[in-house]
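Subject: Structure for you to look through

Dear colleague,

The notes follow it directly.

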Amino acid sequence: MPDSSAAGWPWFRARLAGFRPAPKPGAGVVRTAVVTDSAAALPQPWADGLKADGLLTVIPMPVMVGADIYGEGEDDILETIALALAAGTPVKTSRPSPGQFEQAFRAALRRGYQEVVSIHISGELSGTADAARLAAARVGIPVEVVDSRTVGMALGMAVQAAVAAAAGGADAVRTASAAAAQAGQARVYFYVPSLEQLRRGGRIGPAASLLGTMLAIKPILAVENGKIVPLEKVRSAAKAVARLEELVAAEAQAQPGQAVRLAVHHFGNQEEAEGLAARLAAALPQCPPAQISSLPAVLAAHAGLGVLAVIVGHDPAGGASGSKAPSLST
């Protein structure tokens, strides 16, 4: 099922057009590579355009469906997960191995990069950042590991901020700082029809899951301090989605001095996601169109079918037309 992201973020695409590769290593020049994981939900064309020279590397996160192991990007993985969930087949996830990160860091060194910033899904939800730290201790290139304390395109926006900083010549410390600042500003709100899959994966407590199942409560959830937390309790799916819209609109309108960026994620309900994005566009005409995309497999496995998530982030340049922030080509 194709996503409706091609027309999204025209302002961002315009800023990408002027990118030129960072200068080759030389006296006083530090080249910084960026590594992340597939939980970042980065738009595929955008990410692919930065992989050729090693500026960005995305490590796939494994998903186990029954006895089979899949990686992000494999054909029909989301359909496989959806069928497994419907059939009651166990679906689990795991962190990438330290060896995968070690290979990525060594590849950056071979390509002429002198430092690496490795930015990952919240450590409260995955051991991915720990795997990156283990790998960093084994390689001969300095690595800054950033626990984003978030997920989805909130993490993706942090990665984009890091890539922009690195492309502009920032060293690892400044690149990591740009990522952390962007991740710290982003907010993640989401609704799931059932909390059972989150409970099975240990991402939410059994008490909250029981509340949703037994009392037919449809909670609005958020990511706070790196953890998934119940935010509000609503009595029906329609009211939950309406309340999700209200929370996102209020969050966006509370940032009058910044250019707000929106992303909408879904799993198996693209039409519903498109409707949500259209209503947000009407409520927030000052914002660029939201990017609409399926959740990456590693997040879909935990959220389950029917999830709707909205990420509220910011343009680090404030959307100013005269910004000197570096841009990246796709």
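The second largest cavity has a volume of about 30 Å³, where a cavity is, on a 1 Å grid over the protein atoms alone, a set of points where a 1.4 Å probe fits but cannot get out, and where a volume is the space filled by probe spheres set on the points, with grid points joined across faces, edges and corners. Please bear in mind that this is a predicted model, in which local features need pLDDT of at least 70 and side-chain atom pairs count only at pLDDT 80 or more, while totals for chains, interfaces and linings use all residues. Residues are numbered from 1 along each chain as its sequence is written, and side-chain values use heavy atoms, with hydrogens and water left out.

The structure holds 2 cavities of 30 Å³ or more. Which residues line the second largest cavity? They are Leu 262, Leu 280, Ala 281, Leu 284, Cys 287, Pro 288, Pro 289 and Ala 290, a lining residue being one that has an atom within 4 Å of a point. By class, this lining has 8 nonpolar, no polar and no charged residues, if Ala, Val, Leu, Ile, Met, Phe, Trp, Tyr, Cys and Pro count as nonpolar, Asp, Glu, Lys and Arg as charged, and the others, Gly among them, as polar.

The second largest pocket comes next, a pocket being an open set of points with protein on both sides within 12 Å along at least five of seven lines. About 300 Å³ of space lies in the second largest pocket, and of the 25 residues that line it, Leu 125, Val 151, Ile 228, Leu 299 and His 302 lie nearest its centre. The lining of this pocket divides into 16 nonpolar, 7 polar and 2 charged residues. Strand 8 (187–191), helix 12 (297–303) and strand 13 (308–314) each supply at least two residues of the lining, with the largest share, 4 residues, coming from helix 12; helices (H or I, at least four residues) and strands (E, at least two) are DSSP runs, numbered from the N terminus. At least three lining residues of the second largest pocket come from each of domain 1 (30–61 + 96–185) and domain 2 (187–314), with the domain bounds taken from an automatic or database domain assignment.

Helix 12 also holds Ala 300, which is buried, with a relative accessible area of 0%; buried means under 20% relative accessible area, exposed over 50% and partly exposed in between (1.4 Å probe, protein chains only). The C-alpha atoms of Ala 300 and His 265 are separated by 9.7 Å, although these residues are 35 apart along the chain.

Two further buried residues can be taken together. Ile 119 is found in strand 6 (residues 115–120) and has a relative accessible area of 0%, while Ala 132, in helix 5 (residues 128–136), also counts as buried at 0%.

Why is the pair of Phe 101 and Phe 105 tilted? Their ring centres are 6.2 Å apart and their planes stand at 35 degrees, so the pair is tilted, given that rings of Phe, Tyr and Trp (its six-membered ring) pair if their centres lie within 6.5 Å, and that planes under 30 degrees apart count as stacked, over 60 as edge-to-face and the rest as tilted. Both residues lie in helix 4 (residues 98–110), 4 residues apart, about one turn of the helix, and both are buried.

Finally, the backbone has two places to check. Most residues other than glycine have a negative phi. Ala 41, however, has a positive phi near 55 degrees; Ala 41 sits in the loop between strand 1 (32–37) and helix 2 (44–51) and counts as buried at 9% relative accessibility. Arg 149 has a positive phi near 65 degrees, and its place is in the loop between strand 7 (143–147) and helix 6 (152–167), where Arg 149 is partly exposed, with a relative accessible area of 34%.

With best wishes
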